[in-house]
Amino acid sequence: MPRASAAAAAHTARQVLDSATGLFAARGFAAVSLDDVAQAAEVTRGAVYHHYGNKQGLFLAVAARLQAQVADAVVAAADGAGADGAGEDAREQLRAGSHAFLDAITAGPALQVLLVDAPAVVGWAEWRRLDEANSAAHLREALREAGIADDLLDALTAQLSGAMNEAALWVAQQPDRVASARQAHAAMDRLLTAALP
(Lines give C-alpha, C1' and ligand atoms only; values in the text may rest on other atoms or scores of the structure.)
Protein backbone atom coordinates (compact mmCIF):
# COMPACT_ATOMS: atom_id res chain seq x y z
CA MET A 1 0.00 0.00 0.00
CA PRO A 2 2.83 2.53 0.49
CA ARG A 3 3.26 2.80 -3.30
CA ALA A 4 -0.41 3.57 -3.73
CA SER A 5 -0.20 6.21 -1.00
CA ALA A 6 2.90 7.77 -2.52
CA ALA A 7 1.29 7.78 -5.96
CA ALA A 8 -1.88 9.37 -4.55
CA ALA A 9 0.17 12.00 -2.73
CA ALA A 10 2.13 12.81 -5.89
CA HIS A 11 -1.12 13.06 -7.85
CA THR A 12 -2.58 15.45 -5.27
CA ALA A 13 0.57 17.58 -5.30
CA ARG A 14 0.38 17.83 -9.12
CA GLN A 15 -3.33 18.72 -8.98
CA VAL A 16 -2.60 21.50 -6.52
CA LEU A 17 0.35 22.77 -8.58
CA ASP A 18 -1.66 22.73 -11.81
CA SER A 19 -4.58 24.56 -10.23
CA ALA A 20 -2.33 27.12 -8.56
CA THR A 21 -0.51 27.77 -11.83
CA GLY A 22 -3.74 28.60 -13.61
CA LEU A 23 -5.05 30.77 -10.79
CA PHE A 24 -1.82 32.71 -10.24
CA ALA A 25 -1.56 33.34 -13.99
CA ALA A 26 -5.16 34.49 -14.33
CA ARG A 27 -5.51 36.57 -11.17
CA GLY A 28 -2.02 37.32 -9.91
CA PHE A 29 -0.55 36.19 -6.60
CA ALA A 30 -2.32 38.74 -4.38
CA ALA A 31 -5.82 37.83 -5.60
CA VAL A 32 -5.50 34.06 -5.00
CA SER A 33 -6.12 32.40 -1.65
CA LEU A 34 -5.19 28.87 -0.64
CA ASP A 35 -8.93 28.20 -0.34
CA ASP A 36 -9.23 29.15 -4.04
CA VAL A 37 -6.45 26.72 -4.92
CA ALA A 38 -7.90 23.91 -2.80
CA GLN A 39 -11.33 24.37 -4.35
CA ALA A 40 -9.94 24.42 -7.91
CA ALA A 41 -7.83 21.33 -7.21
CA GLU A 42 -10.75 19.59 -5.46
CA VAL A 43 -8.69 18.93 -2.34
CA THR A 44 -8.76 20.23 1.22
CA ARG A 45 -6.84 23.30 2.25
CA GLY A 46 -4.92 20.99 4.57
CA ALA A 47 -3.67 19.06 1.54
CA VAL A 48 -2.33 22.29 0.04
CA TYR A 49 -0.51 23.11 3.30
CA HIS A 50 0.78 19.54 3.56
CA HIS A 51 2.42 19.60 0.15
CA TYR A 52 3.58 23.23 -0.08
CA GLY A 53 3.65 24.67 3.44
CA ASN A 54 2.03 28.00 2.67
CA LYS A 55 0.99 30.26 -0.18
CA GLN A 56 4.52 31.50 -0.81
CA GLY A 57 5.87 27.94 -0.85
CA LEU A 58 3.22 27.01 -3.39
CA PHE A 59 4.02 30.03 -5.51
CA LEU A 60 7.74 29.20 -5.41
CA ALA A 61 6.97 25.67 -6.64
CA VAL A 62 4.86 27.11 -9.47
CA ALA A 63 7.60 29.57 -10.40
CA ALA A 64 10.31 26.88 -10.34
CA ARG A 65 8.27 24.62 -12.61
CA LEU A 66 7.56 27.45 -15.06
CA GLN A 67 11.23 28.48 -15.09
CA ALA A 68 12.16 24.91 -15.97
CA GLN A 69 9.52 24.78 -18.74
CA VAL A 70 10.80 28.01 -20.28
CA ALA A 71 14.38 26.71 -20.09
CA ASP A 72 13.29 23.45 -21.75
CA ALA A 73 11.76 25.43 -24.64
CA VAL A 74 14.99 27.39 -25.02
CA VAL A 75 17.12 24.24 -25.08
CA ALA A 76 14.82 22.47 -27.53
CA ALA A 77 14.91 25.40 -29.94
CA ALA A 78 18.67 25.80 -29.66
CA ASP A 79 19.28 22.08 -30.14
CA GLY A 80 17.13 22.12 -33.25
CA ALA A 81 19.01 25.06 -34.77
CA GLY A 82 22.55 23.76 -35.02
CA ALA A 83 24.08 20.50 -36.08
CA ASP A 84 27.58 20.70 -34.64
CA GLY A 85 27.32 23.50 -32.05
CA ALA A 86 30.34 25.38 -33.40
CA GLY A 87 30.91 28.53 -35.43
CA GLU A 88 27.81 29.72 -37.25
CA ASP A 89 25.76 26.91 -35.72
CA ALA A 90 26.52 28.25 -32.23
CA ARG A 91 25.27 31.68 -33.29
CA GLU A 92 22.12 30.18 -34.79
CA GLN A 93 21.53 28.19 -31.62
CA LEU A 94 21.89 31.38 -29.56
CA ARG A 95 19.40 33.18 -31.81
CA ALA A 96 16.93 30.30 -31.80
CA GLY A 97 17.12 29.92 -28.03
CA SER A 98 16.70 33.65 -27.48
CA HIS A 99 13.64 33.77 -29.72
CA ALA A 100 12.22 30.69 -28.01
CA PHE A 101 12.67 32.40 -24.64
CA LEU A 102 10.63 35.40 -25.77
CA ASP A 103 7.88 33.16 -27.13
CA ALA A 104 7.81 30.88 -24.06
CA ILE A 105 7.85 33.66 -21.48
CA THR A 106 4.97 35.51 -23.17
CA ALA A 107 2.81 32.42 -23.61
CA GLY A 108 0.56 30.92 -20.98
CA PRO A 109 1.16 31.52 -17.29
CA ALA A 110 4.88 32.30 -17.43
CA LEU A 111 4.65 36.06 -17.93
CA GLN A 112 2.38 36.87 -14.97
CA VAL A 113 4.02 34.40 -12.62
CA LEU A 114 7.68 34.81 -13.53
CA LEU A 115 8.04 38.42 -14.59
CA VAL A 116 5.20 40.27 -12.87
CA ASP A 117 4.71 38.53 -9.51
CA ALA A 118 7.82 36.46 -8.78
CA PRO A 119 10.33 39.26 -8.08
CA ALA A 120 8.06 40.68 -5.35
CA VAL A 121 6.67 37.40 -3.99
CA VAL A 122 9.85 35.34 -3.68
CA GLY A 123 12.25 38.26 -3.44
CA TRP A 124 14.77 39.58 -5.88
CA ALA A 125 17.59 37.26 -4.80
CA GLU A 126 15.50 34.10 -5.12
CA TRP A 127 14.04 35.27 -8.43
CA ARG A 128 17.57 35.82 -9.78
CA ARG A 129 18.66 32.41 -8.46
CA LEU A 130 15.78 30.71 -10.29
CA ASP A 131 16.57 32.57 -13.51
CA GLU A 132 20.30 31.89 -13.26
CA ALA A 133 19.66 28.19 -12.71
CA ASN A 134 17.49 27.97 -15.81
CA SER A 135 17.28 30.31 -18.80
CA ALA A 136 20.20 32.56 -17.86
CA ALA A 137 22.49 29.54 -17.50
CA HIS A 138 21.61 28.46 -21.03
CA LEU A 139 22.06 32.00 -22.34
CA ARG A 140 25.50 32.22 -20.72
CA GLU A 141 26.60 28.93 -22.24
CA ALA A 142 25.24 29.91 -25.67
CA LEU A 143 27.12 33.21 -25.54
CA ARG A 144 30.33 31.40 -24.63
CA GLU A 145 29.85 28.95 -27.51
CA ALA A 146 29.19 31.87 -29.87
CA GLY A 147 32.57 33.36 -29.02
CA ILE A 148 31.99 35.87 -26.21
CA ALA A 149 35.17 36.27 -24.18
CA ASP A 150 35.12 35.34 -20.50
CA ASP A 151 35.78 38.92 -19.37
CA LEU A 152 32.45 40.05 -20.93
CA LEU A 153 30.43 36.87 -20.47
CA ASP A 154 28.69 37.63 -17.15
CA ALA A 155 27.92 41.25 -18.00
CA LEU A 156 26.57 40.41 -21.44
CA THR A 157 24.47 37.56 -20.05
CA ALA A 158 22.91 39.89 -17.48
CA GLN A 159 22.25 42.61 -20.02
CA LEU A 160 20.72 40.37 -22.67
CA SER A 161 18.66 38.53 -20.07
CA GLY A 162 17.32 41.83 -18.78
CA ALA A 163 16.59 43.04 -22.30
CA MET A 164 14.64 39.87 -23.08
CA ASN A 165 12.61 40.13 -19.87
CA GLU A 166 11.78 43.76 -20.63
CA ALA A 167 10.86 42.88 -24.20
CA ALA A 168 8.45 40.22 -22.92
CA LEU A 169 6.78 42.70 -20.56
CA TRP A 170 6.55 45.25 -23.38
CA VAL A 171 4.97 42.71 -25.75
CA ALA A 172 2.39 41.77 -23.12
CA GLN A 173 1.32 45.40 -22.66
CA GLN A 174 0.75 46.13 -26.33
CA PRO A 175 -2.74 46.03 -27.86
CA ASP A 176 -1.50 44.04 -30.86
CA ARG A 177 0.61 41.29 -29.32
CA VAL A 178 1.32 39.61 -32.66
CA ALA A 179 2.78 42.79 -34.17
CA SER A 180 4.65 43.69 -31.01
CA ALA A 181 6.14 40.18 -30.77
CA ARG A 182 7.33 40.50 -34.37
CA GLN A 183 8.97 43.85 -33.52
CA ALA A 184 10.55 42.41 -30.38
CA HIS A 185 12.02 39.51 -32.35
CA ALA A 186 13.44 41.91 -34.96
CA ALA A 187 14.96 44.07 -32.23
CA MET A 188 16.44 40.97 -30.57
CA ASP A 189 18.14 40.00 -33.81
CA ARG A 190 19.75 43.44 -33.96
CA LEU A 191 20.91 43.20 -30.35
CA LEU A 192 22.41 39.78 -30.91
CA THR A 193 24.12 40.86 -34.13
CA ALA A 194 25.65 43.84 -32.35
CA ALA A 195 26.72 41.75 -29.34
CA LEU A 196 28.37 38.87 -31.14
CA PRO A 197 32.00 39.04 -32.28
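Student: How much of the chain counts as buried?
Tutor: Of its 197 residues, 42% are buried. Keep in mind that this is a predicted model.

Student: What does the pLDDT average, then?
Tutor: The average for the chain is 91. A score of at least 70 is reached by 94% of the residues.

Student: Which helix has the lowest confidence, and which the highest?
Tutor: Helix H7, residues 124-133, is lowest, with a mean of 87. Helix H2, residues 34-41, is highest, at 96.

Student: What does the secondary structure come to?
Tutor: There are 10 helices and zero strands. Along the sequence the pattern reads α-α-α-α-α-α-α-α-α-α.

Student: And what does the C-alpha trace span?
Tutor: About 55 × 45 × 30 Å along the principal axes.

Student: What share of the contacts comes from residues 24 or more positions apart?
Tutor: They account for 66%, counting contacts with a separation of 6 or more.

Student: Let's go to H3. Which residues are buried there?
Tutor: H3 covers residues 45-52, and Ala47, Val48 and Tyr52 are buried in it.

Student: Where do those buried residues fall, seen down the axis of H3?
Tutor: They fall within an arc of 105 degrees, so they line one face of the helix.

Student: What comes just after H3?
Tutor: Gly53, which takes a positive phi of about 80 degrees.

Student: New topic: helix packing. At what angle do H9 and H10 pack?
Tutor: At about 165 degrees, with the axes 9 Å apart. H9 is residues 150-173 and H10 is residues 177-195.

Student: Parallel or antiparallel?
Tutor: Roughly antiparallel. The cut-off for that is an angle over 145 degrees.

Student: Is the crossing left-handed or right-handed?
Tutor: H9 and H10 make a right-handed crossing.

Student: Which residues make the contact?
Tutor: From H9, they include Leu156, Leu160, Met164 and Trp170. From H10, they include Arg177, Gln183, Met188 and Leu192. Alanines take part on both sides, among them Ala163 and Ala167 of H9 and Ala181 and Ala184 of H10.

Student: Now H4 and H7. How do they cross?
Tutor: At roughly 30 degrees, with the axes coming within 9 Å. H4 is residues 55-81.

Student: So, parallel or antiparallel here?
Tutor: H4 and H7 are roughly parallel to each other. Angles under 35 degrees count that way. This crossing is right-handed.

Student: Which residues in H4 and H7 meet?
Tutor: Leu60, Ala63, Ala64 and Gln67 are on the H4 side. They meet Glu126, Leu130 and Asp131 in H7.

Student: Back to Gln67. Buried or exposed?
Tutor: Gln67 counts as buried, at 4% relative accessibility. The cut-off for buried is under 20%.

Student: What is Gln67 in contact with, leaving aside neighbours within four places in sequence?
Tutor: Leu114, Leu130, Asp131, Asn134 and Ser135. Of these, Leu130 and Asp131 lie in H7.

Student: One more residue. Where does Leu23 lie?
Tutor: In helix H1, residues 2-27. Leu23 is buried, with a relative accessible area of 12%.

Student: What does Leu23 touch, not counting residues up to four places away?
Tutor: Gly28, Val32, Asp36, Val37 and Ala40.

Student: How many residues apart in sequence are Leu23 and Asp36?
Tutor: They are 13 residues apart in sequence. In space, Leu23 and Asp36 are 8.1 Å apart, C-alpha to C-alpha.

Key: Residues numbered from 1 in each chain as written. Predicted model: local features only at pLDDT ≥ 70, side-chain atom pairs only at ≥ 80, totals over all residues. Heavy atoms only, no water. pLDDT = per-residue confidence, 0-100. Helix = DSSP H or I, 4+ residues; strand = E, 2+ residues; numbered from the N terminus. Buried < 20%, exposed > 50% of the residue type's maximum accessible area, 1.4 Å probe, protein only. Arc of directions from axis to C-beta. Axes fitted to C-alpha atoms, helices over the stretch in contact; angles between N-to-C directions. Parallel < 35°, antiparallel > 145°, perpendicular 65-115°, else oblique. Left-handed = near helix turned anticlockwise from the far one by under 90°. Contact = heavy atoms within 4.5 Å.
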